[in-house]
Amino acid sequence: MKNAVDIANILLPIFYLASFAIYLYDFQKDERRLSNVKRLFLFLTLVFHTFYLIARTVAFNHPPITSVFEIFTVLAFSVSFSYFILELVTDIRGTGLFIIVISLIFQTISSVFIVDLFQVKEVLRSNLLGVHVLHALLGYAGITISAVYGFLYLMLYKDLKLNKFGLIFERLPNLEILEKLSFYSAIIGFILLSVAIGIGVIWLPKAFPDFSYLDPKLVATFLVWLLYGIGITAKISGRLQGKKVVVLSIIGFGLAIFSTIVTNFLAKSFHAFY
Amino acid sequence: MNLLAISINHHTAPVTLREEVHLSTDEIKVYLDELKEKYFSEGFIISTCNRTELYGLPKDAGTSYMELENFLVEKKAITNLTDEHFQKFFSCSALNHLFKVIAGIDSMLIGDNQILGQVKESFQLAQEKQFAGFLVNRVFDSAIRVGKRAKTETTISDGAITVSYAAVQLIEKIFSNLSKKSALVIGMGETGKIAAQHLHDKHIGKLSITNRTIEKAEQIASAIDAQILPFERFKEHLADFDIIISATSSPNLILTKEEIKTMMKKRGNTATVLMDIALPRDIDPEARSIDNVFYNDIDSLNIIVEHNVKKRKDEIPKVQNIIMEELISFFGWYNSLEVAPTIKSLRDYYEEIRLAEVEGYKNKFSKEDQEKLELVTKRIINKLLHHPTTELRKVAEQGINTTESATKIALVRDLFGIENKSNTDV
């Protein structure tokens with residue numbers, strides 16, 4: 001099993017790279033015959049990734065959520081899986097490469113730096129922690145996708161303002177759709193993060209003796225959550241729309257990434273994994 | 001195949017001449033009757049704003065292009081129409097031309113969306129007049145297949161190639177559902193009218209128009225379900241519109257940047273599209289610097305048009321391949337209508353049956369009887385085929401590829417189910 005995990009760990013970035021390459025080629029050439037091929041290849045990549053996550057859980061006797069680099073591979077899966085569902089539901093096929101590249105980056109970093117941990121703290125085997133982390137990761141996948149669509153919105157907005165009618169103009173869906181995709185992804189991300197925070201607030205004080213509400217990770221996560229909450233409320237009430245909404249989503253994503261890096265690598269937190 | 005065609009079109013004649021030659025549906029019906037009486041055994045006429053074309057299978061070999069040209073000139077009483085204004089086609093080139101026309105690659109606007117429907121109507125008129133026989137009906141089938149394949153297998157008709165349609169295409173890159181949007185078209189000249197029509201066709205939620213001469217606006221409004229705003233007061237309502245298209249002939253700006261700024265404030269800064277398709281411009285181009293204002297003028301729309309025209313031109317080789325495939329298929333079928341291959345196919349067909357039956361039963365006969373079996377079955381087949389073969393040879397003596405011989409041969413092939421086999425042989 002360990003060998004299978006090691007081989008899959010090497011192959012996964014290659015699978016994501018191949019999916020990205022097909023989506024990129026289709027974005028440039030817009031060949032009708034490729035539109036189903038690329039979706040099929042992404043599906044196979046996700047099936048293979050599912051196998052990897054299960055194999056890893058079985059081989060090391062704990063879910064792959066005990067280190068940053070294990071989290072990264074789950075995040076890579078969550079982002080592409082969420083996009084795959086979104087593509088199936090909306091049938092908007094021109095944006096995949098911008099999302100899959102995020103999974104490619106996360107998976108490549110994970111594959112390079114991941115370590116095999118056989119012995120982990122008992123708290124990391126808790127079911128509640130599993131639910132907490134699962135919601136947090138899917139939530140982060142949601143805000144990641146929201147930020148990508150926000151970024152695409154800004155690219156198309158800029159091209160439209162400058163009368164540039166190239167590939168971005170031709171291949172991307174219209175501004176309103178991009179705004180909607182960004183907003184709905186943010187809502188889903190926000191709800192899932194709310195659940196993750198809720199579980200965390202109830203369970204963490206019991207699980208960690210050195211727990212503090214002023215922990216930098218908690219404060220940063222709460223700030224990200226608050227920012228999205230304000231943005232979503234403003235959008236629903238009609239006070240914020242268009243460019244400002246997507247800019248807020250991108251800022252929220254930047255803050256989330258920044259807080260993850262700071263709290264996991266620089267600051268001392270009970271919330272760091274090792 | 002002796003299909004004859006003459007064409008006066010945008011390659012050969014200016015618009016004034018094309019207008020004079022243009023035939024209405026009623027005229028086409030009358031002309032078809034006369035062509036049938038004088039020149040053709042089967043035929044059809046295509047007449048659109050960019051072309052008038054006569055196609056037909058001559059009753060006798062002596063029918064010349066000049067006779068057909070004179071027929072048209074005399075009927076329409078046009079004095080300045082000369083031989084140089086006509087293109088002439090025969091047989092394969094006539095069919096090739098028809099296929100190019102129906103595929104839209106001979107159109108003034110390459111990939112024209114309307115031509116397929118217009119040619120279909122021409123076919124229907126010929127059928128209505130019982131002027132479409134065995135061969136012309138086959139020509140119709142092939143031509144319509146070319147038209148449909150060009151639309152579905154290539155992108156020859158994709159993208160806007162007129163300024164007013166490019167404006168609508170651009171609007172669709174900003175808004176997802178036009179039925180929830182409101183639009184104002186300022187100026188009801190030809191360009192403004194077409195733009196308003198495009199918006200109506202795209203099911204815009206609310207369409208308003210304004211024009212200096214209110215009577216002109218009134219004439220157009222009912223046809224496109226538009227409200228009319230008095231020209232003197234339309235600026236009071238600017239904030240109500242998501243899309244503003246301006247196409248007046250005003251020598252000065254009619255909307256300034258300050259007016260747009262005020263409008264955006266009233267609209268709560270929601271996205272607004274300004275399309276200035278007037279020359280000289282109607283809207284201050286500086287308005288493009290305002291957040292959430294998408295301003296486009298003729299120059300920027302022309303970029304889209306030129307880009308799409310180039311893309312359509314790049315698709316022409318793909319369409320030509322389709323035409324080539326269909327020409328090969330058509331002439332494969334047509335050549336199979338010659339006498340010699342038909343006799344051979346018919347004999348092969350019978351021989352196959354004879355052999356299969358003999359093979360199946362020969363073990364029930366002694367060695368000596370097997371030879372007799374071969375002999376007897378061959379003699380039966382020869383006797384059965386003697387009369388049909390003699391009749392087919394008589395057809396050949398009437399001349400190769402006459403409509404009558406082609407019809408008879410096609411009937412034989414259909415009856416004995418040998419059409420497909422010979423097509424694959426070609």
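Visitor: What should I know before I start?

Guide: This is a predicted model: local features need pLDDT of at least 70, side-chain atom pairs count only at pLDDT 80 or more, and totals for chains, interfaces and linings use all residues. Residues are numbered from 1 along each chain as its sequence is written, while chains are lettered from A and ligands numbered from 1 in the order in which they are written.

Visitor: What is the secondary structure of chain B?

Guide: Chain B has 15 helices and 10 strands. Helices (H or I, at least four residues) and strands (E, at least two) are DSSP runs, numbered from the N terminus.

Visitor: And is chain B spread out or compact?

Guide: Chain B is more spread out than a compact globule, because its radius of gyration is 31 Å, well over the 22 Å that the globule rule gives for 426 residues. That radius is taken over C-alpha atoms, and the rule is 2.2 Å times the number of residues to the power 0.38. The C-alpha atoms of chain B fill a box of roughly 110 × 60 × 35 Å along the principal axes.

Visitor: Which strands form the open sheet?

Guide: Six strands of chain B, in the order β7-β6-β5-β8-β9-β10, with parallel pairing. Two strands pair if DSSP finds at least two bridges between them. At the edges are β7 (227-228) and β10 (293-297) of chain B, each pairing on one side only.

Visitor: How many bridges join β8 to β9 in chain B?

Guide: Four bridges join β8 (residues 243-246) to β9 (residues 272-276) in chain B. I243(B) has V273(B) as its bridge partner in β9(B).

Visitor: New topic. Which residues touch the most other members of the largest nonpolar core?

Guide: Among them are L75(A), L137(A), I245(B) and I277(B), in a core of 112 residues. A nonpolar core is a set of buried Ala, Val, Leu, Ile, Met, Phe, Trp, Tyr and Cys residues joined through C-beta atoms within 7 Å. Buried means that 20 or more other C-beta atoms lie within 10 Å of the residue's own, with C-beta atoms placed from the backbone. The largest share of this core, 16 residues, comes from α5(A).

Visitor: What does I277(B) touch?

Guide: Not counting residues up to four places away in sequence, I277(B) touches residues including V163(B), A167(B), I245(B) and L301(B).

Visitor: Last one: how many residues of chain A are in contact with chain B?

Guide: 12 residues of chain A are in contact with 16 residues of chain B, contact meaning C-beta atoms, placed from the backbone, within 7 Å. α7(A) gives the most to the chain A side, with three residues.

Key. Two residues are in contact if their C-beta atoms, placed from the backbone, lie within 7 Å. A residue is buried if 20 or more other C-beta atoms lie within 10 Å of its own, exposed if 12 or fewer, and partly exposed in between; C-beta atoms are placed from the backbone.
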